[in-house]
Amino acid sequence: MSDCSFKLYTLVITFILIFSFPYLIEANGSVKTYKKQITELYEIGLGTVPETPTRGVIHFAVYVKNLDKDINYDDAIVYIKAYESDPDKLQVGPLKMLNTVMDPTFYEADFPIETKGIWQIELNISTSDGDAKGFYEIEVHDPNPIIPILTLIFLVGLLIILGLSIRAWIKQSRGKRVI
């Protein structure tokens with residue numbers, strides 16, 4: 001088997017695996033910092049991706065830690081609700097947050113927030129040791145318009161390089177056949 005066909009088979013198998021098992025691939029980034037709140041029983045942490053939320057889909061991650069036992073819960077029931085500064089205004093949720101696959105002591109949810117401004121986040125937590133609520137405030141900004149432009153330029157450049165490489169490879173393989 002030639003080196004070229006080996007690379008082609010490897011590429012085909014990689015794409016088949018990626019598209020056959022999409023649930024194995026997670027690319028939502030990771031939460032770097034958590035806003036912490038202390039209640040009677042718990043330390044509740046809320047983090048977002050992106051760290052500075054922008055209009056669009058925001059990834060929320062939460063952990064619940066028992067202060068007395070110094071353990072994080074993997075069986076808590078966590079609901080998240082978001083509303084603009086006034087609770088009577090636009091509201092998202094309540095939405096049940098699910099345990100993460102990689103670490104079940106973290107709970108995650110994704111939902112869209114399309115209005116920029118100050119948003120209140122309310123967490124309702126229930127465990128075998130009791131119930132609690134956490135209240136947070138986040139500021140949602142407009143997304144940076146430069147990032148999509150730079151991404152498009154990068155992808156077009158990548159396609160040009162790929163196209164020129166394939167063209168050179170085809171010319172080279174045709175030249176070998178003629179000889």
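Predicted model: local features only at pLDDT ≥ 70, side-chain atom pairs only at ≥ 80, totals over all residues.
## Salt bridges

Lys116 and Asp142 make a salt bridge, with their closest N and O atoms 3.4 Å apart (a salt bridge is a side-chain nitrogen of Lys or Arg within 4 Å of a carboxyl oxygen of Asp or Glu). This pair joins distant parts of the chain: Lys116 sits in the loop between β7 (106–113) and β8, and Asp142 in the loop between β9 and α2 (146–178), 26 residues apart. Helices (H or I, at least four residues) and strands (E, at least two) are DSSP runs, numbered from the N terminus. Arg55 joins in too, as Arg55, Lys116 and Asp142 are linked in a network of salt bridges.

The structure holds six salt bridges. Another one of them pairs Glu122 with Lys133, at 3.5 Å between the closest N and O atoms. Glu122 is in strand β8 and Lys133 in strand β9, so the pair ties together parts 11 residues apart in sequence. Glu122 is buried at 7% relative accessibility, while Lys133 is partly exposed at 47% (buried means under 20% relative accessible area, exposed over 50%, partly exposed in between, with a 1.4 Å probe and protein chains only).

Residues are numbered from 1 along each chain as its sequence is written, and side-chain values use heavy atoms, leaving out hydrogens and water.

The chain's average pLDDT (the predictor's confidence in each residue, from 0 to 100) is 84, and 85% of the residues score at least 70.
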